[in-house]
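Trainee: Please take a close look at one part of this model for me. I would like to hear about the aromatic rings and what surrounds them.

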Amino acid sequence: MEWMAWTWPTALFFIVIASLLVVFTVLGIRYPETPRTGILRIETTRGDRLFITLLGSAFINIAWLGLVGTNQAFALIVCLIYALAVFRWV
Amino acid sequence: MDKTVNQKAWFLVLPVLVLVAFSAVIPLMTVVNYSVQDTFGDNVFFWAGLDWFREMLESERMWSALGRQAVFSFIILMIEVPLGVIVALQMPKKGFWASFALVVMALPLLIPWNVVGTIWQIFGRVDIGLLGYVLHSLGIDYNYTQGFFAAWITVIVMDVWHWTSLVALLAYAGLQSIPDAYYQAAKIDQASRWAVFRYIELPKMQGVLMIAILLRFMDSFMIYTEPFVVTGGGPGNSTTFLSIDLVKMALGQFDLGPAAAFSLMYFLVILLISWVFYTVMTNLDKRDGV
């Protein structure tokens, strides 16, 4: 594992993503769902909305880094609001 | 009757998961690790935080490569899509010549990327290449190793030569699926050739054209081998597209950190486009009830 050059922050990053995947898998088994159509006019399941959230969050973070440049933690708050909006309306 | 739910079949996917883990997930994780650190080799790393991402976002070099990439993909689409449709419209509909045309159209698609690059690299050479020699003899100043326009035109014509067939074949498949009754109705209404194209053929081709556009966009956005073989990204940086620049940075300069940050952002853009591609395709399928 030495060659992979692990650091705690990146490990934490992947642990969070992995646990999200596990949680959503368990949710998917325990509470089966039917896809719904939201404001994007595409059918989405919980998993799709998680993907849209994660991908969007990555772009929000990059945009914050490029445009604001400081206090990266605030970008996470924006991501959280974005995530709530995605799970509510998409 | 209740359906039995049995999820055990998922275990059959395990070998694929293991393969993907080794070929994609673990390398990607490593790239993420590299992107926040600096190294001088010897597997010694120093924490750099988000500095490389910041540096890349402010880097003139990356933005200009992205600009060239966008211009390249745009030109490719503007030429290949209309040309492919025109070619498809001209192709014979049935009989021996239809099969013949299909085989001829499929030929460029079968040639590996680096071979296509080599073909055009030689074809365009002023000393021994047919194209380069003829243009040079006509007094046209054509030299893709020195001229900006010559390099761009060569790379674009090469891509058009290689990939227009794909658009043409897809459009042809779309055209073949139109029942004769539509054409007969158009004839009764004395519709013009343009009206037939605009109101019958184009709407029927919409789905396949969407696929063609997205495929060509993604492919051209990730292009590496062909321009690398022909121009090597030159003259200067004029045909250095994103992936060529990335390889230069990672392997040429051994700037692993910046290259990792660059490739992650590149990956995100590709991921976004792929997702749009996938979503559009599945929704078109649902709408058409396929």
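This is a predicted model: local features need pLDDT of at least 70, side-chain atom pairs count only at pLDDT 80 or more; totals for chains, interfaces and linings use all residues.

Mentor: In it, ring pairs join B:Phe72, B:Phe148, B:Phe149, B:Trp152 and B:Phe241 into a cluster. Take one pair from it, B:Trp152 with B:Phe241. B:Trp152 sits in helix α7 (residues 148–176) of chain B, while B:Phe241 sits in the loop between α10 (225–230) and α11 of chain B, so the pair ties together parts that are 89 residues apart in sequence. Both partners are shielded. B:Trp152 is buried because its relative accessible area is 9%, under the 20% cut-off. B:Phe241 is buried too, at 0%.

Now set that beside another pair. Over all chains, the structure holds 23 aromatic pairs. One of them is B:Phe96 with B:Trp97, also edge-to-face, at 5.0 Å centre to centre and 75 degrees between the planes. Here, both B:Phe96 and B:Trp97 are exposed.

Next, the nonpolar core. The largest one has 30 residues, and among the members that touch the most others are B:Phe53, B:Phe221, B:Leu242 and B:Tyr266. The largest share, 10 residues, comes from α12(B). Look at B:Phe221. Beyond its neighbours within four places in sequence, B:Phe221 contacts residues including B:Leu66, B:Leu242, B:Tyr266 and B:Ile270. A second, separate core of 21 residues includes B:Met91, B:Ala168, B:Ile178 and B:Val196.

How values were computed: Residues are numbered from 1 along each chain as its sequence is written. Chains are lettered from A and ligands numbered from 1 in the order in which they are written. Side-chain values use heavy atoms; hydrogens and water are left out. A nonpolar core is a set of buried Ala, Val, Leu, Ile, Met, Phe, Trp, Tyr and Cys residues joined through side-chain atoms within 4.5 Å. Buried means under 20% relative accessible area, exposed over 50%, partly exposed in between (1.4 Å probe, protein chains only). Helices (H or I, at least four residues) and strands (E, at least two) are DSSP runs, numbered from the N terminus. Contact means heavy atoms within 4.5 Å. Rings of Phe, Tyr and Trp (its six-membered ring) pair if their centres lie within 6.5 Å; planes under 30 degrees apart count as stacked, over 60 as edge-to-face and the rest as tilted.
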